[in-house]
Every structure is written in C-alpha cells, then in structure tokens.
Amino acid sequence: MSRIAGNASSGMKGKRPGKKWLIVPSILILAGTASLAWSLYVPGSALSGEKLYSKLIVPLLKLLVLLSVGLLAGQALESLGWTRKLARLVRPLTRWGHLNDESGAAFVSSFVSGVVANSMLVDFYQAKRISRKELVLTYLVNNGLPVYLVHLPTTFFVVASLAGTAGLLYLALTFIAACLRSIGVLAYTRWTLPAPSPAWSALVDHLDANNTSVMRKIWEKFRGRFVRLVLYTIPIYILVFLAGERGVFQWLRSGAVGFVSSDVFPIEAAGVVIFALAAEFTSGMAAAGALQNTGSLDVKQTVLALVLGTIIATPLRAVRHQLPTYAGLFSLGLGSQLLFMSQALRILSLAAVVLPYAIWG
C-alpha cells in the first residue's frame, strides 16, 4: 500500500510542474484588483466603505472560513482512514453503478458537506485513484439527492409555513427531480464506466503509531490546497460581486422573467417568479403564500410559478455563489464545466417533473 501511496503522491506532484499553475490565479488577481479599484474611483460609483465591508469583505471571509473547515475535514477523513468506513456504507449501490470506493466515500460525505465531498474527489483524482470522467459523474450524482437533503431541514419549514400546500407540492416536485438526477446519472455510470475491481481500493496510506506523519501530511496538503483556493476564490468573488453591483444579474433576471411571463401565467404569477429570483429565497415563498391566500393564484399556478422561478434563479445564484468556490477547489475550467453540467441537469430534471404536473396535475 505504501508503494501505491508513493506512486499516487508522485503523480499528484507531477500535476503542477514549477509555478506554472500560478499564471491563471495571478491574472485573476490583477483583473479583480483593477476592477475593484476602478469601481471605487469611477465617478458616480455607489460603492462605499460600509457597503464593501458588509457586502463583500464579511461574506467573503465567512466563505473562506467555511471552505477551510470543509477542506480540512476532507483531508482528515482521507488521511485518518475514515474513507473506507464511509465507502462501506454505500458499497452495494456504488458498485452497481461501477463507481470505485473513493467515489462511494465522497458520495456519503456529500450528505453532510458538499465542500468535504468535492475536496475528497479532487484528492482522489490528483492521486490518480479515479478518472476525470468518474470525478465528473460522481459529482453529478452527489449534486442530486444528497445536496437536496443537506438543504432540506432549513428550507422545509420556510416553504411549508409561508407557501402552505403549494410549498409542500413544490418540495415534492423538487425532491422527485433530485432523485431523478442521482438515479439517472448512476444508471449512466453503470452503462459507461468499467466495472471496478471487487477488492477494496487503497483508501488510506499507512499510519504510524503516534499519527505524527499523518498530522503533518494533513497540514501540508491542506496548506497547499488552501493557498490555491484563496488565490482563485478571492478575485473571482470580487469580479462576480462587481458584476452584481453593475446590474448584470438583475438584467439577466429581467430578461428571463420577460421571456416566461407571457400568456402562460397571470401577471400575479410573474410577480411570484420575480420574488423567487431575489437573492433571498424566503421572499419568493412569502409572496407565493400571500398571493395564494388572497385568491390571486390557485395552488397549481403557484407551484408552477415557484418551479419556474427556481429554474431561472438557481443558475444565476450558482454563478454568484458557487463559481468562486469551484474555481478554487477544482480549477477554473473544470469548476465551470461542473457548474454548467449540474445546472443543465437540474433544469432538465425539473422540466421533466413539472411538465406532467402542468398537464395532468
């Protein structure tokens, strides 16, 4: 096993020869810094020190803290040998889908934290324990039911209390769509990936008696990954923030709402869609409940408007909040690809669920 670990380590190191990997984040840092400086000093700029602190610095620091905790947890799970225990929980399912034990461990972890699961996938890929294709497919499996269940405890009570019956139906439809995503991708992996070896994968390196080398390994891997994460996340976060301040996302929302709110819904439903597109998810649910209670919308119209609002809003939120993280965890190219594929799959699954409900519901 130590030989395998040595080969994996050397393969991982060979991923970044010299300092060439710094070129892209350096360009991003320059672009983010220049854009921020221009926005601060351009005449008529609405940015102030208080706004930068509350809207940019504080959220960015919170994001980096959460990412560092998730990243450290992922490194610890792998290095301390917990990945084997996690993989054992779902081995029959992942083996049916022709996924390796590494992917199974990431799948279980995704029910707790997406950052931990994604960090594990990156580590396994860089160590050449899984292929790039398996990384992508496992991420898509994790992005279905596991991600849905992670957010369900916080969204259930908000949706059920504010939107009532329509909210519960909305949760049911989105739950079915999430199941379809995970099951569909898992079936695809069984069809396209070769069957893995029946033997257990080498999920953990040899541990010494006092775990000294393990702690050192965890810290070294965390430090290197966190530096890369910061160098990518901060400038991309700044660029996305400035795009939002310049009205780019509001323009996209307005265009999307104008496209969908024609003769399909009454004008009140278009209002629900607009509220659902707002940065605060609760506002959309509150508006839906209010319109439903006053009789402006029936239950079916409210459900369809909320699902449509989700289809429009989620990709925009993903770009604003997930792209900086993904660029740091994976790479700018791979992270963008994963984000695009996951959002496309989400839209297709929601459409597959809501169309039958719209026709026969």
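At what angle do helix 7 and helix 8 pack, and how far apart are their axes?

**Figure 1. Overview of the predicted model.** This is a predicted model, in which local features need pLDDT of at least 70, side-chain atom pairs count only at pLDDT 80 or more, and totals for chains, interfaces and linings use all residues. Residues are numbered from 1 along each chain as its sequence is written, and side-chain values use heavy atoms, with hydrogens and water left out. The protein chain has 16 helices and zero strands; helices (H or I, at least four residues) and strands (E, at least two) are DSSP runs, numbered from the N terminus. Of the 361 residues in the protein chain, 47% are buried. Buried stands for under 20% relative accessible area, exposed for over 50%, and partly exposed for values in between, with a 1.4 Å probe and protein chains only. Among contacts (heavy atoms within 4.5 Å) between residues at least 6 apart in sequence, 80% join residues at least 24 apart.

**Figure 2. Packing of helix 7 against helix 8.** Helix 7 (residues 114–126) and helix 8 (residues 132–142) pack at an angle of about 170 degrees, and their axes are 10 Å apart. Axes are lines fitted to C-alpha atoms, for helices over the stretch in contact, and angles run from 0 to 180 degrees between N-to-C directions. The two helices are therefore roughly antiparallel to each other; angles under 35 degrees count as roughly parallel, over 145 as roughly antiparallel, 65 to 115 as roughly perpendicular and the rest as oblique. Helix 7 contributes Ala117, Asn118, Leu121, Val122 and Tyr125 to the contact, and helix 8 contributes Arg132, Leu135, Thr138, Tyr139 and Asn142. By class, this contact has six nonpolar, three polar and one charged residues. Ala, Val, Leu, Ile, Met, Phe, Trp, Tyr, Cys and Pro count as nonpolar, Asp, Glu, Lys and Arg as charged, and the others, Gly among them, as polar.

Figure 3. Nine of the eleven residues of helix 8 are buried, so helix 8 is largely enclosed by the rest of the structure. The buried residues are Glu134, Leu135, Val136, Leu137, Thr138, Tyr139, Leu140, Val141 and Asn142. Their cover includes helix 6, helix 7, helix 9, helix 15 and helix 16 (332–360).

**Figure 4. Serine 103 and its polar contacts.** Serine 103 is placed in helix 6 (residues 101–109) and is buried, with a relative accessible area of 0%. Its side chain makes polar contacts with the side chain of glutamate 134 at 2.6 Å and with that of threonine 138 at 3.0 Å. A polar contact is a pair of N or O atoms within 3.5 Å; within protein, one must be able to donate a hydrogen and the other to accept it, and residues adjacent in sequence count only if both atoms are side-chain atoms. Leaving aside neighbours within four places in sequence, serine 103 is in contact with Ile130, Glu134 and Thr138.

**Figure 5. Arginine 95 and aspartate 101.** Arginine 95 belongs to helix 5 (residues 91–96) and counts as buried at 16% relative accessibility. The side chains of arginine 95 and aspartate 101 make a polar contact at 2.9 Å.

**Figure 6. Aromatic pairs.** A search of the whole structure finds seven aromatic pairs. Rings of Phe, Tyr and Trp (its six-membered ring) pair if their centres lie within 6.5 Å; planes under 30 degrees apart count as stacked, over 60 as edge-to-face and the rest as tilted. Tyrosine 188 and tryptophan 191 form an edge-to-face pair, 6.1 Å centre to centre with 70 degrees between the planes. These two residues are three residues apart in helix 9 (residues 145–192) and are thus separated by about one helical turn. Tyrosine 188 is partly exposed at 38% relative accessible area, whereas tryptophan 191 counts as exposed at 72%. The rings of tyrosine 326 and phenylalanine 330 have centres 5.8 Å apart and planes at 65 degrees, so this pair is also edge-to-face. Tyrosine 326 is buried, with a relative accessible area of 6%, and phenylalanine 330 is buried, with a value of 6%. Ring pairs link Tyr139, Tyr326 and Phe330 into a cluster.

**Figure 7. Alanine 327 in helix 15.** Alanine 327 is found in helix 15 (residues 323–329) and is buried, with a relative accessible area of 1%. Not counting residues up to four places away in sequence, alanine 327 touches Tyr232, Ile236 and Leu332.
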